[in-house]
Amino acid sequence: MAAGEELTLSSHIQHHLTNAKMCTVDGSIAFNKACSEAGFWTWHVDTLAWSIGLGILFLWIFHNVAKKSTVGVPGKLQCFVEMVVEFVAANVKDTYHGKSKLIAPLALTIFVWVFLMNLMDLVPVDFLPAFAGFVGETAFGMDSHDVYMKIVPTTDINMTAALAVGVFLLMIGYSIRIKGVLGFIKELTLHPFSTKNIPLQIVLIPFNLLLELIALVAKPFSLALRLFGNLYAGEMIFILIGAIGLAQLPLHFVWAVFHILVIVLQAFVFMMLTIVYLSMASSDNH
């Protein structure tokens with residue numbers, strides 16, 4: 001928003017839903033509005049910074065708890081971490097039917113990391129963006145309205161898509177590892193329609209391949225869009241409530257209490273679907 005432009009509800013919402021961008025224009029580094037025509041190679045630096053920072057926070061907390069763990073009476077943080085680990089381990093044991101030492105640590109990482117990224121949605125929507133605008137204006141002489149800061153990484157479709165693509169690549173890798181390249185190709189071409197009549201089976205291969213590819217590609221799409229849609233909608237409601245003014249406080253509290261359930265549930269759903277998809281990929285039976 002340009003300086004002097006009237007601050008409307010629409011521009012307020014647009015400002016809060018815009019990522020801080022970095023790109024290269026004519027061989028030099030540019031930011032935000034200068035990146036409007038930069039194309040694919042535009043980095044959402046706020047999403048990257050917050051997601052990496054929260055990932056490091058997760059590793060630091062769990063590493064310190066593991067290093068200081070005792071066999072006697074544990075502290076409150078150790079109890080909490082042990083509860084989370086046992087909860088994830090129980091779900092992996094009940095859901096994943098293959099044999100892999102990667103699944104449990106992966107599920108734990110996904111659950112805690114996505115939960116921490118979702119949890120940023122409870123930070124007041126105007127606080128950190130206003131602080132970023134203040135820093136940009138006082139330290140760099142920028143118009144505060146041209147400084148953007150989205151602190152919830154999972155409200156960025158690029159973040160949720162990246163997570164989903166990572167799970168998708170693991171699915172393909174596990175399928176090939178367990179079934180072999182030929183077995184993976186057979187899975188895509190000989191199911192769900194199968195017959196002992198060889199000429200007819202050859203005719204059915206294109207239909208099988210189409211259906212199996214749709215089912216395969218739908219999995220990462222469902223992971224990315226479900227997480228993004230729920231958190232984006234929640235963030236939008238927080239922004240609308242924040243635009244009310246002081247009257248927002250009771251509404252903000254009610255929505256925040258309800259949103260805690262969404263934050264935990266979406267992290268859990270992403271973790272469980274990842275386990276289920278990898279279990280299906282690891283199964284030798286279609």
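Which elements each supply at least two residues of the lining of the largest pocket? They are β3 (43-44), α2 (45-68) and α6. This is a predicted model, in which local features need pLDDT of at least 70, side-chain atom pairs count only at pLDDT 80 or more, and totals for chains, interfaces and linings use all residues. Residues are numbered from 1 along each chain as its sequence is written, and side-chain values use heavy atoms, with hydrogens and water left out.

**Largest pocket**
- The volume of the largest pocket is about 370 Å³.
- Among the 13 lining residues (those with an atom within 4 Å of a point of the 1 Å grid), Phe-40, Thr-42, Trp-43, His-44 and Asn-158 are the closest to the pocket centre.
- A pocket here is an open set of points where a 1.4 Å probe fits, with protein on both sides within 12 Å along at least five of seven lines.
- Helix α6 provides the largest share of the lining, four residues.

**Helix α6**
- Helices are DSSP runs (H or I) of at least four residues, and strands (E) of at least two.
- Helix α6 (residues 157-189) has 33 residues, yet its end C-alpha atoms are only 32 Å apart, short of the 48 Å that a straight helix would reach at 1.5 Å a residue.
- At Gly-180, α6 bends by about 110°, the angle between axes fitted to the seven residues ending there and the seven starting there.

Methods. The expected span of a helix is 1.5 Å times one less than its number of residues. Grid points are joined across faces, edges and corners, and a volume is the space filled by probe spheres set on the points.
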